[in-house]
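I set out to record the strand pairing and helix packing of one model. The entries follow the order in which I looked things up.

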Amino acid sequence: MDNVSVITMFTLSGLNGTANYRVTLFALTLLCYSVIWLVNVVIIVTIITDKCLHEPMYIFLCNLCINGLYGTAGFYPKFLIDLLSTTHVIPYAGCLLQGFVIHSSVGADLSLLVLMAYDRYVAICRPLVYHSVMTKQRVCVFVFFAWLIPLYLVFMGTITTSRSRLCGSHIPKIYCVNWLIGQLACSASIDGIIIPAFNYTFYFGHFIFIVWSYIYMIRTCLTSKDNMRKFMQTCVPHLFSLITFAVCVLFDLLYMRFNSKELTNHVQNFLAIEFLLIPPIFNPLIYGFKLTKIRHRITQFMCSKRL
């Protein structure tokens, strides 16, 4: 038992059986990652450079896109390297870092979606006090805590995981997850149970708030055509982003907790990466096409370049 904690490398087994088409997977993955960077950077630069877009809704959207780049940066570079390698290993510290980045990105994503829901709730249900409630200073505080709280909560979970004595080094996935690292511990710890339980409860509260706010907004919009128009224009993209994010994360959590041996390796890998693939691409596309101000600003930029 003296050497159970001396583990410096983890083995990732998610890519086993993909040797015959690794080059194809590499090309497709590189294309997806390039598209993620392109669509998110376009939205970020558009919002930052246009002062007319320096409003709460667009500031939250800008941070949502930045978070998309942050979260995918924790997965795609290592995944691309693994696709071209015959051995799929990751250092212990690198595994903890990857898990931290991916988990904190998911938490920040949900926090920013909550802020966007709150912003729409105030705009539609309390329009007379919107500008006094959503001031620039308050928006900055909201954004600060939307990043700080997930980083802190996941950091505490990562510290707890790093203190565990491990009896294995095999991770049955294509990237590191704190929960799977914790499953390799020789014995369960109280902290390893309490901290994840608190985090899940905390973010489940976020989800409940979003559901409540949308129920209230829909009830309000039914009494006013102007509110319904505003809801369809600004809330539908947010609602679609929320549903996409929730479904992707839910599938990954269910797969990770109730891993079915009946699923093929390809299906397991897709379930593992869908929340790192679908929301980062679809979120900026949905908002870019649906929100009039962003769509017009991008169209003007492209037309000026042609001239």
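In which hand does α2 pass α4? I found a left-handed crossing of α2 and α4, a term that applies if the near helix is turned anticlockwise from the far one by less than a right angle, with clockwise being right-handed.

Basis. I note that the model is predicted, with local features needing pLDDT of at least 70, side-chain atom pairs counting only at pLDDT 80 or more, and totals for chains, interfaces and linings using all residues. Residues are numbered from 1 along each chain as its sequence is written, and side-chain values use heavy atoms, without hydrogens and water. Helices (H or I, at least four residues) and strands (E, at least two) are DSSP runs numbered from the N terminus.

Helix pair. I looked up the axes of α2 and α4, which come within 9 Å and cross at roughly 165 degrees; axes are lines fitted to C-alpha atoms, for helices over the stretch in contact (heavy atoms within 4.5 Å), and angles run from 0 to 180 degrees between N-to-C directions. The angle makes α2 roughly antiparallel to α4, since angles over 145 degrees count as such.

Helix α2. I compared the span of α2 (residues 56-73) with expectation: its 18 residues should span 26 Å at 1.5 Å a residue, and the end C-alpha atoms are 26 Å apart, in agreement. The expected span is 1.5 Å times one less than the number of residues. Of those 18 residues, 14 are buried, so α2 is largely enclosed by the rest of the structure; buried means under 20% relative accessible area (1.4 Å probe, protein chains only).

Helix α1. I list among its buried residues Arg22, Tyr33, Asn40 and Ile47.

Sheet. I recorded an open sheet of three strands in the order β2-β1-β3, with mixed pairing; two strands pair if DSSP finds at least two bridges between them. The edge strands, β2 (89-91) and β3 (170-171), each pair on one side only. β1 (residues 9-12) pairs with β2 in the antiparallel sense over three bridges, and phenylalanine 10 has isoleucine 90 as its bridge partner in β2. β1 and β3 run parallel and are joined by two bridges, with isoleucine 171 of β3 as the partner of leucine 12.

Faces. Helix α4 (residues 92-125) lies across β1, β2 and β3, at about 90 degrees to β2.

Definitions and conventions
Buried means under 20% relative accessible area, exposed over 50%, partly exposed in between (1.4 Å probe, protein chains only). Angles under 35 degrees count as roughly parallel, over 145 as roughly antiparallel, 65 to 115 as roughly perpendicular and the rest as oblique.
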